[in-house]
Protein chains: 2
Amino acid sequence: MKRIYKFGNGQAEGNGQMKDLLGGKGANLAEMDRIGIPVPPGFTITTEVCREYQTEGEEVVRNLLHDEALEGLRFIQKIMDKDFGNVDDPLLLSVRSGAKFSMPGMMDTVLDIGLTDQSVAGLANKSGKAKFAWDAYRRLIQMYGGVVLKIEDEEGENPFEKELEKYRDLKGVKYDKDLTVDDLIELVNLFKLLTKKYAGVEFPQDPKEQVWGAIMAVFASWNTPRAIYYREINHISNDLGTAVSVQAMVFGNMGDHSVSGVAFTRNAATGENDFNGEYLVDAQGEDVVAGIRTPLQITIKGSKQWADFAGIQEEERNRAFPSLEEYMPDQYNQLNEVQMKLESHFKDVQDLEFTIQEEKLWLLQTRTGKRTGEAMVRIAMEMLKEGMIDEKTALMRVEPEKLDELLHPVFDPGVLKMSKPLTVGLPASPGATTGRIVFNADEVENFKSDDEQVILVRIETSADDLRGMNLSDGILTARGGMTSHAAVVARGMGKCCVSGAGVLNISYKEKTMSVNGNTYNEGDWISLDGSTGKIYEGKIPTVQPELGNEFDELMALADNYARMKVRANADTPESARVGIMYGARGIGLCRTEHMFFEENRIMKMRKMIMADAQEGRENALADLLPMQRSDFEGIFEAMNGYPVTIRLLDPPLHEFIPFEEEEQRVMAKEIGMTMEKVKRTAENLKEINPMLGHRGCRLGTTYPEITRMQARAIIEAALNEKAKGISVYPEIMIPLTGTLGEMKGQKEIVVNEAEKVFAERNERIDYLVGTMIEVPRAALIADQIAREADFFSFGTNDLTQMTFGFSRDDAGKFLPEYVMNGILPEDPFQVLDREGVGQLVEMAIEKGRNSKQDIHIGICGEHGGEPSSVEFCHQTGMDYVSCSPFRVPIARVAAAQAVIKETEEHFVDK
Amino acid sequence: MKRIYKFGNGQAEGNGQMKDLLGGKGANLAEMDRIGIPVPPGFTITTEVCREYQTEGEEVVRNLLHDEALEGLRFIQKIMDKDFGNVDDPLLLSVRSGAKFSMPGMMDTVLDIGLTDQSVAGLANKSGKAKFAWDAYRRLIQMYGGVVLKIEDEEGENPFEKELEKYRDLKGVKYDKDLTVDDLIELVNLFKLLTKKYAGVEFPQDPKEQVWGAIMAVFASWNTPRAIYYREINHISNDLGTAVSVQAMVFGNMGDHSVSGVAFTRNAATGENDFNGEYLVDAQGEDVVAGIRTPLQITIKGSKQWADFAGIQEEERNRAFPSLEEYMPDQYNQLNEVQMKLESHFKDVQDLEFTIQEEKLWLLQTRTGKRTGEAMVRIAMEMLKEGMIDEKTALMRVEPEKLDELLHPVFDPGVLKMSKPLTVGLPASPGATTGRIVFNADEVENFKSDDEQVILVRIETSADDLRGMNLSDGILTARGGMTSHAAVVARGMGKCCVSGAGVLNISYKEKTMSVNGNTYNEGDWISLDGSTGKIYEGKIPTVQPELGNEFDELMALADNYARMKVRANADTPESARVGIMYGARGIGLCRTEHMFFEENRIMKMRKMIMADAQEGRENALADLLPMQRSDFEGIFEAMNGYPVTIRLLDPPLHEFIPFEEEEQRVMAKEIGMTMEKVKRTAENLKEINPMLGHRGCRLGTTYPEITRMQARAIIEAALNEKAKGISVYPEIMIPLTGTLGEMKGQKEIVVNEAEKVFAERNERIDYLVGTMIEVPRAALIADQIAREADFFSFGTNDLTQMTFGFSRDDAGKFLPEYVMNGILPEDPFQVLDREGVGQLVEMAIEKGRNSKQDIHIGICGEHGGEPSSVEFCHQTGMDYVSCSPFRVPIARVAAAQAVIKETEEHFVDK
């Protein structure tokens, strides 16, 4: 068995495909070497050896590795023309772990291995840089002590860091670089004493001991509790093991002819095809990103743009801040060739690390470059046009969730950089916004009439706040999760929302909000980022990202591949139009109850609820009929030519009734009823578990007149629109069906009323009657229900609540802990639980189709806009998904990707 | 096709097996005739003709029947030696419907068919009883008008009844029998006018028209909306159809040598093998049961007992109230032979109707006799011993639900007869009790200390009332269903409870209860019947039924046949002992939370809940540990040799915290905390849907120290008992598991703590760790969970709530209507829903056994004591059912019956 794969000088034994055996890092190093990119030579010990280490132990593995390791070392020595352990001019090595997936909790890196009390002098001598040499030795002892010997002090902290800090204070210097050679020599001695004190052993003076120690530490770190735990919750097999790469050190900090840098093959922010990056002269890699010194631009173009932005004249730029293109033109050209080669080889944007040691260029790492949503779209579509990648690859390059960035305003990046968040809540509804604090939903209007931006701040929201929520620019709550009332409603409205910011202390009485010692009053400015959950003090201006041509091209491409259609959840003509703008092919969920909350309607609704008998209810409903009808007309008009699924009244009636005495008094007066009666009705309507109470089709069953009115409003609206030349496809949806009897009964009422309207008008239209599948029992008897239903729409929010027995309003007490501890891989209200809820979905589809082969099936729960859930919907054979209008583009791409993954195995594990 | 089956004179063409074709009544008449019992001759038109009527219509059917009907009529005429339609001595007929199942909404009976204006005189003449003849004619017109012609007046009422009442008033008589012949003649005329007025036709003077009209009315009544509806909700096929029996009339009201009577072959109250019954001389059948005249006893023995009870001397009895045995010894002997023949033929107690017309005995009907629970047991076991029936039949003769009557006190029947219920609530927990009204649970103790009987009367109960409920003798609530807190707790305690008595108006402030205009104060006496739901004013003494030898024999027999074991749900040593007394073979559910509600524990529990950190909780738990341990010790001792399944803490923590300010203040003081903190914690613990909230193993997962304490208490208790020589089999049950992670985590905590205790004690015991299956998701992933669990116990209460999405606390708003309208066949909280919930149960068992073949599986929800649900549990292959101790005998019989039904097809449709 081959245990070690060498690389360097173009002689790599491995390649980029061998990630299982060599880990991600080792495989990429081998690949770079194979295609002629200069990488410091080295060798990678395979993941199989890690498994041997777990079963056989250190001694056996050391023996098994011995010959190949020696050969590898000789290979490195030959290329670098230095010997490991040589005291006059030592070869130094790095040891790094590299599993197939990057993993916190694993030992990462030990640098500068090979230095000893003797060879440190040789290195100082040979390089002529004593400070460089002693600093390297100091680092080695610190890293080795921390990482290999696991040294901690009595308080569980790193004693080296503390000592270093104390020492800097003692010497009155701020940065390590200001320490003298003598200081560093003294620190080395102190560090060696610390090693002895805490590890009980001397720092090893045998370079080979150092390298073996580091290798074995990597293997041992595979099985630390933290690593095991991480694998468990991420479903990574314990058998994978980690590889270890041992590589020659190169130095960017060996004087003016040495630099360290990082670079991107394209612009990671805009996606523009522009090579760009930063570098520092006489510096180590970490200095470039640490921000202690200002790094310089690699290209002249980038350098000039930077100077422009910073207000620096060309003359000064050229002198003090030259680009690498100017400072080291040859090496720059070499680097430029390398980056082009890498991008066309890996066929994606590369994020490079390089070092120039005394004018020689070395590539230390290449990996796929992270990018913004905007860049992601542009790069994918441009690479497609350049012929670098094919359509499927272009589509798969898009992370659907990231499209969200393009669909909502974001904070001005410049101002954002200077702002520190007050606290972080849950990113409940994306987008960024800024406004004045208002605590009472009813007062939003006053602020808005002064044309102010408003952020509604509440402990939690309820149906009473709907109007205020709709008027405000953003919503912030102290309680409630990602699927709380505030979150769900805000997403539906496409409005920025941060929910569950638990540290906020809100007093409605004082009209104050306190957080971490600061108190804010009504009218104070704050800013919310609903995409990150961050809350900022003061005003931060926002910018609206532009949707370029590439976005439209991408969407068209996605639709070419997707099998499922994407619809929008929309309750108003406005949001229906947003859905259409984002490419929705119909409405999958139009909630009729939101219509009842509007100002002049809520009283009529309350009158209906307060009525003692069917007759009173019917009178109140007759008043509501024309309003509902005109709502539906507007929606049908907006969705001309597309189907509109309208759900009959769903929430329990108590949601429409105020529970505060003050409001009850107003209501009693308005509807002309005694306060006692209002109180008693409110009391009677209260439920212990409203989620499982008198709602959905249970209302329509006990009060058939409600269903009758709604069916009439829908059918009349459809006929009216048809007369105007609009193509209408109404789909009437029964909510919360759990028994065949409910479905049969509700359908009968709808059909009878429709026929009545047709007879009155002497005109017909086609329409469907179907049901939500959101109660577990409905999934279990889907075969029966399908005989009565034209379509199924999975309400996965409620289905998740009932299948888990989790109230989404209350699960905040344990669900975050469940996700954190890996009891659940994800919040099942965000990502559909395939094991449990998904099983019911599959069962219902199978049973439904067995009864009625062509039954139309979709999803209208929140999951309909979440990419992994969309994939699952595709796999189960659904016909469509429906989601918030603002997530339609995400769902379209996810639907296309689901098709591609199904047919192209190699995309699945990406 | 043969459409008509004749019977009479031993020449019956049908027999008792032909219920499908001849209906229940027709088949039994044929069977009696076959075995030589004298029945008035007649013929039965088959159910197939009913189907022909539905498709072909009246005319066709009349033609199809014509020849056979004529032949049938001739057959009757020959035997009775009278002619139908003869004006001088007319043969009269009855027409009755008879479907396979008796069915409300069907036309029942028309008697005296064949009388006309002419023949009524003939009958009067021939019989010499003008009043008898005219009264018969009056009845015929009335029945024919109501039943065949469907006559109703303007108010939808029966105009004949009204006329009769008016006429009696006019004549100043109280009873019909006091009317003269002239009165009756006048009434006949009035009735004929009414017929003309409301039906638009004359009362038919053609006897054949009368008989055809009645036959067709029976067929037509098969398809009335009420009958269709009844069949729909009882799952009876519309295709069955009804048969029609046409039979010669015989009369018990033709003078002193004629009698009508009813009889039972054994005593229906006690089960004693004693022929008994009542008769009246010169009377019609309905007079015997109507109670206008006092009926006489059939046997001398019965007559003497009756006289004894009524305080009548033998001399007077013999003179004024002779038995049939004395009055008509020959006919009595004939009747006695008939009853013996019938019982041994039908092999069950028979309920007979007979008529002696001028010394000739006729049997009009025989059917299986209804009986009390006590009689049911005695009769089944005695018939078994007599060799009349076999063991399986004896077991199948027992209606398990009826055993309940034997296990609880009942009201003294004599006193009960004279009491009228105030109102009726739900029969939530069986038994009868009487006591003084107390409204506040805390005050029950004061009354009890005076040794008073107490009935706790509440709007609804909560955990706070537990102590008071336990002390009181009965519980009455105005709200809440069969599975409300009051109902569930009362059943567990074996305490009489009537719940949801909606018309009660309870004022805690005034300490009054009003119902239908009467007001009762604290301390007033009321009486409750938890088996019927009836509530009475005042004191009604109760008697405790005696469990005879037959009961024990029956139970032993049941255990011989049953495959499943029966366990009891018991939380205390006392109820564990009741379980053992009733034959429980272990405890299937011991709820640990009830232990925390006891007086001196609740504060410690609250301290635990109020603690800010794990340490505080652990301290409070350490105080609770010895108490829990001693609870468990008592239970293990009571269940010596049997397994005890102990469920870890299940309810949400807010159930332990008071929400009323007053009580919060007491609590703050007692546990030494600020009121503000108590209020805040209570507020934080509130849940919107507590049923789906932070409870069950979600508590044990976020607060592992609770699980740890409980595991320790169980294991320590078990070791302590073992040391005393008790055989202990603890089974530790994790509640509300929905994910594999919860099960794994909780099991690990339990096992670790157990091992710790074993190490401390240097002693081990065997124990199991299993889980409730009560969340739908647990059923869906039962294969995974089974790998970690030693047993499954189905918590079908919660499983029903979540599968339907019904909160049992709130479903009262629609569930009764659902059952009434046939949307659900039964309340799924009472009878397990096989279609939905049952599907999950079956799935979980299959998946569980696939993973772990020998996993032990049972049920501990309320359904475990409901016979049809027990049958289902058997069918799914469960190992045991567990139920309230008082329902253990019911479950034992149901478990045996399930086995018998499985193997003996003919018992299934009984």
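Biologist: What makes Asp810(B) a residue without a salt bridge, and is Asp810(B) buried or exposed?

Modeller: This is a predicted model, where local features need pLDDT of at least 70 and side-chain atom pairs count only at pLDDT 80 or more, while totals for chains, interfaces and linings use all residues. Residues are numbered from 1 along each chain as its sequence is written, chains are lettered from A and ligands numbered from 1 in the order in which they are written, and side-chain values use heavy atoms, leaving out hydrogens and water.

Modeller: Asp810(B) is buried, a word that means under 20% relative accessible area, with exposed over 50% and partly exposed in between (1.4 Å probe, protein chains only). For charge, Lys and Arg count as positive and Asp and Glu as negative, and His and the chain ends are not counted.

Biologist: Where does Asp810(B) lie, and which residues does Asp810(B) touch?

Modeller: Asp810(B) sits in the loop between helix H34 (796-804) and helix H35 (815-820) of chain B, where helices (H or I, at least four residues) and strands (E, at least two) are DSSP runs numbered from the N terminus. Not counting residues up to four places away in sequence, Asp810(B) touches Glu687(A), Ile688(A), Asn689(A), Pro690(A) and Gly693(A), contact being heavy atoms within 4.5 Å.

Biologist: How do you know that Glu343(A) forms a salt bridge with Arg266(A)?

Modeller: The closest N and O atoms of Glu343(A) and Arg266(A) are 2.8 Å apart, so the pair meets the distance rule. Glu343(A) is in helix H14 (residues 329-346) of chain A and Arg266(A) in the loop between strand S6 (259-264) and strand S7 (276-281) of chain A, so that the pair links distant parts of the chain, 77 residues apart. Both Glu343(A) and Arg266(A) are buried.

Biologist: Why is Asp183(B) called buried, and what is Lys171(B) called?

Modeller: Asp183(B) has 8% relative accessibility and therefore counts as buried, whereas Lys171(B), with a relative accessible area of 38%, is called partly exposed. The side chains of Asp183(B) and Lys171(B) meet in a salt bridge (3.6 Å, N to O).

Biologist: What are Lys901(B) and Glu871(B) called by the rule for accessibility?

Modeller: Lys901(B) is partly exposed, because its relative accessible area is 21%, while Glu871(B), at 14% relative accessibility, counts as buried. These side chains, Lys901(B) and Glu871(B), meet in a salt bridge (3.3 Å, N to O).

Biologist: How many salt bridges are there between chain A and chain B?

Modeller: The count between chain A and chain B is four, and over all chains the rule gives 138. Arg777(A) and Asp833(B) meet in a salt bridge across the two chains (2.6 Å, N to O).

Biologist: What area is buried between chain A and chain B?

Modeller: The area is about 4,300 Å², of which carbon and sulfur atoms give 55%; buried area is the accessible area (1.4 Å probe) that two parts lose on being put together, summed over both. In chain A, Leu692(A), Arg777(A) and Lys813(A) lose the most area to chain B, together 15% of what that side buries. Counted by contact, 46 residues of chain A meet 46 residues of chain B.
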